[in-house]
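Reader: Hi! Could you walk me through this one, chain by chain and contact by contact?

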Amino acid sequence: MLENLVRKYWPILAIIAFLAIFPWISPETFFVDFLLLLFMYAIIAGGWNIIGGYTGYPSFGHTAFFGLGAYTTAILVSRFGIPPFITAILGGLVAAGFAFLIGYPTLRLKGPYFAIATLSMGFVLQILFLNLGPITGGGEGISLPLPPWRIEITITIVYYAMFITLLATILTTYLLERSRVGLALRCIRDDELAAETSGVPTTKLKLISFMLSAFFPGVAGGIYAYYSTYIDPFTVFTPAISMFAIIFSMFGGAGTVFGPLIGSAILFTIDEAARYSFTVPGIDLIVFSGIAMAVVIFFPEGLVGLLRERIGVKIP
Amino acid sequence: MHMLEVKNVSKYFGGLAALKNVSFTYDGGILGIIGPNGAGKTTLFNVITGVYKPTSGKVFFEGKDITGLAPHKIRRLGIARTFQIPRPFGRETVLENVVVAGLFGRVGRVSREEVEKEAMELLEFVGLKDKADLRASSLNIFQRKLLEIARGLISRPKLLMLDEIVAGLTPAEVDRVVELVKKINKEMGVNIIWIEHVMRAIMRSAEWIIVLDFGEIISEGPPEKVAKDPKVIKAYLGEEYVA
Amino acid sequence: MRLLAQAIVNGLLIGGVYALMSLGLSLIFGVMNIANAAQAAFAILAAYITYWLFTLYNINPFIGMVISSVLLFLIGTVLYKYVVRRVSELMAFTLLYLMAMFLESVMVFVWTNLYRGIRLPYLSTSISVGGVFIFLDRLVGFTIAITITAIVAFMLKYTYFGKAIRASIQNPIGATLMGVNVEKIRMISFGLGLAISGFAGSVLGIIYPFYPTLAELWIGLMFAIVVFGGIGSLTGTLIAAIVLGIANSLVGTYVSSVWAPLVAFVVLILTLWLRPTGIMGRKV
């Protein structure tokens, strides 16, 4: 049975193996650093994909979850000395809790209410954290203690943390897609009323889906705080992250397992490359939102969808 | 205790009365609900299946008050329904369309393999077996209606509510569906409440007819009696046609 | 006591401008059931256009705001016809959100995130009425807001277009049967909605400093107002706007002005929790 799995999925396993040993074979730390950030965006996009791609309820403030995870780590590590990667998981749980808070009143309603509420999520948290100085450090942010080893080691550790989280995100998406809950979510996306009358408890499943979609970005945020050793409301509650989550996921293929990763891989690489060749700030947002609009209008199924339908390549 | 009891149900949308004090009881068999357009038939279905909350009144199923319960709970209690304009899960396969209702529509845990097996059997029963792996959006209207039926039956409902199931079909297709519905009732023992406009289909299949007009019941009885009722003729054809 | 009166007066005046701003959103919501996530971004665009006309060409802002609103109307109709109409209702929000992001980043690129203001020194004074200061710029803003609102209300009630729009809100199919070209009405309503919010944007640009990312704050406020007032009810929007204007002002006076954006969000969530239809909306 294991043989069959290996035979079927060998390209993916090969890539995973390569990425697993990458830090040891990479010529420069720069590449490891680059990949870890790419993984981070892929995790956020992958989380968004669960509620936006599979369930058909796009969220417009996913940065809220990233930021909550980051602050959870920052506060717990710098004030209470709790080990960072545990705080990252806690951060994910905090994010999921916030998702419940927002989701509970909005997901039981039909209409644009969920979208409207998520639109303000990130911004509201930014203001909240900016003004709760005593707890959150306000505009000055929070500094985390520097890890006691060389920077290359920290980067390698964070790389693996992000890598494992990414694998968890993708695996969860894969299992979800094949499960009955995943089928129900897709039916909710296709026709919520028909799903409801077919026996699907739509509100409950939407809520679970939303909380799951918040958990992974929360963890990513928690890891990021440790990596960056300094966070403030402007860096972790930024609309750019919300936007990238949507764009990377949709460009790659919302509602597919590898769509978000592929979208992140392509667009984030372009973004970083552009940053190093010509430094025109803000151009990336313009270009990416333009690309995303084109995707929504002309090929909403994204790259993976295009490859599947028009060319016939079967990517999960 | 009746299987279904609708008691003084009214439904207002703003100032518009879609249903006015509708009451009837139902104890099984094939019940037909007819009436001119806008009479409130689909609204009645929506109230019974939990899609709408009635403005006033109650609905009882097997003695239990189901008024205003969420539609998925009502499905699990044993009432399935089809939609006037079919609502397939377009991006999923035909098989998955049925399977999802089989997994979520009934009480109790059941394995995916079992449900898929049953779903295939139902697809064969309605004649869609060879389409099982196609996307539901690729089906034509007749096939979509058959899919609605299969999706309704998979949860082994006690009551299947059909909303204009033969609307928009050719005469041959109408006959096919009518035969299917009779079979479902007689062989599978599923009770049927059936909204219909195509008189040919309903009048010879139903055992009892309820006629709605402007949100009220204006006549009730076996098909032959209702067909001759002057109130019914007036509702459909207008004053002058009453003999 | 005077402080309270001051806060309420301030809130009332700014509430009028909020009302104008949200009216555009409410109109689009009502006529074509689209939640326009880009409404605030366009309003700010109007403010920038008025600003540019003023600072580059010395055009009186009160004329400039008319020009920018007309521009927004045209942009709106074109946008609706060629872009918005091509996607499903579900995707429309996403598309408009992306458009807002696009617009905001373009504005940041062109004008940077520095504060701008349409400064009219002769409006920087205030009149004192019974010890309460009525700031001239807010008074002028309020007056413009209610004038335009009144014009729109008149148009909706008495002109053919207005009745056609109202018919399209209440019953699109019925409206079609009565000979109303619903698609054309939608196109016009979209343009009109943007134009109305554009007016409000320009007005706010005279009262407060503005910058592109302010749109995020405004859109949250606008949606809170429309939801609280009730989707589909223009009267509800007006009432909700005044209420929120006063609420913001009270919070700003007695607590701190930083918390004002949170007020809108809390109102939004509470409304959705307790009474999703809002004060006067139609049933969800």
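Author: Happy to; here is a tour of the folds and contacts in this model.

Author: One note before we start: this is a predicted model, where local features need pLDDT of at least 70, side-chain atom pairs count only at pLDDT 80 or more, and totals for chains, interfaces and linings use all residues. Residues are numbered from 1 along each chain as its sequence is written, while chains are lettered from A and ligands numbered from 1 in the order in which they are written.

Reader: Thanks! How many helices and strands are there in chain B?

Author: Chain B has 9 helices and 10 strands. Both kinds of element are DSSP runs numbered from the N terminus, with helices being H or I of at least four residues and strands E of at least two. The radius of gyration of chain B is 18 Å, close to the 18 Å from the globule rule for 243 residues, so chain B is as compact as a globular protein of that length. That radius is taken over C-alpha atoms, and the rule is 2.2 Å times the number of residues to the power 0.38. The C-alpha trace of chain B spans about 55 × 40 × 35 Å along its principal axes.

Reader: And what percentage of chain B counts as buried?

Author: Of its 243 residues, 45% count as buried. Buried needs 20 or more other C-beta atoms within 10 Å of the residue's own, exposed is 12 or fewer, and partly exposed is in between, with C-beta atoms placed from the backbone.

Reader: What's the strand order in the open sheet of chain B?

Author: The open sheet has 6 strands in the order β6-β7-β8-β3-β9-β10 of chain B, with mixed pairing. Its edge strands, β6 (79-81) and β10 (216-221) of chain B, each pair on one side only. Two strands pair if DSSP finds at least two bridges between them. On average, neighbouring strands of the sheet are turned by 20° against each other, direction ignored.

Reader: Is β3(B) enclosed or open?

Author: 5 of the 5 residues of β3(B) are buried, so β3(B) is largely enclosed by the rest of the structure. B:Ile30, B:Gly32 and B:Ile34 point one way, B:Leu31 and B:Ile33 the other.

Reader: Which residues stand opposite those in β8(B) and β9(B)?

Author: β3(B) pairs with β8(B) in the parallel sense over 4 bridges, and B:Ile33 stands opposite B:Ile195 there. β3(B) also pairs with β9 (208-213) of chain B in the parallel sense over 4 bridges, where B:Leu31 is opposite B:Trp208. Further along the sheet, β7 (159-163) and β8 (191-195) of chain B run parallel, joined by 5 bridges, with B:Met161 opposite B:Ile193.

Reader: Nice. What lies across β3, β7 and β8 of chain B?

Author: Helix α6 (171-186) of chain B does, running at about 150° to β8(B). Axes are lines fitted to C-alpha atoms, for helices over the stretch in contact, and angles run from 0 to 180 degrees between N-to-C directions.

Reader: Switching topic: how many residues does the contact of chains A and B take?

Author: The contact takes 21 residues from chain B and 16 from chain A. Contact here has C-beta atoms, placed from the backbone, within 7 Å. On the side of chain B that touches chain A, α3(B) gives the most, with 5 residues. By class, that side has 7 nonpolar, 5 polar and 9 charged residues. Ala, Val, Leu, Ile, Met, Phe, Trp, Tyr, Cys and Pro count as nonpolar, Asp, Glu, Lys and Arg as charged, and the others, Gly among them, as polar.

Reader: What does α3(B) pack against?

Author: 11 of the 11 residues of α3(B) are buried, including B:Glu96 and B:Asn97. These buried residues pack against α8 (180-190) of chain A together with α4 (112-126) and α5 (141-153) of chain B.

Reader: And chain A with chain C?

Author: There, 33 residues of chain A are in contact with 36 residues of chain C. α5(A) brings the largest share of the side of chain A that touches chain C, 11 residues. That side divides into 24 nonpolar, 8 polar and 1 charged.

Reader: Last one: at what angle do α1(C) and α10(C) pack?

Author: α1 (2-32) and α10 (234-254) of chain C pack at about 145°, with their axes 6 Å apart. By class, their contact has 15 nonpolar, 11 polar and no charged residues.

How values were computed
Two residues are in contact if their C-beta atoms, placed from the backbone, lie within 7 Å.
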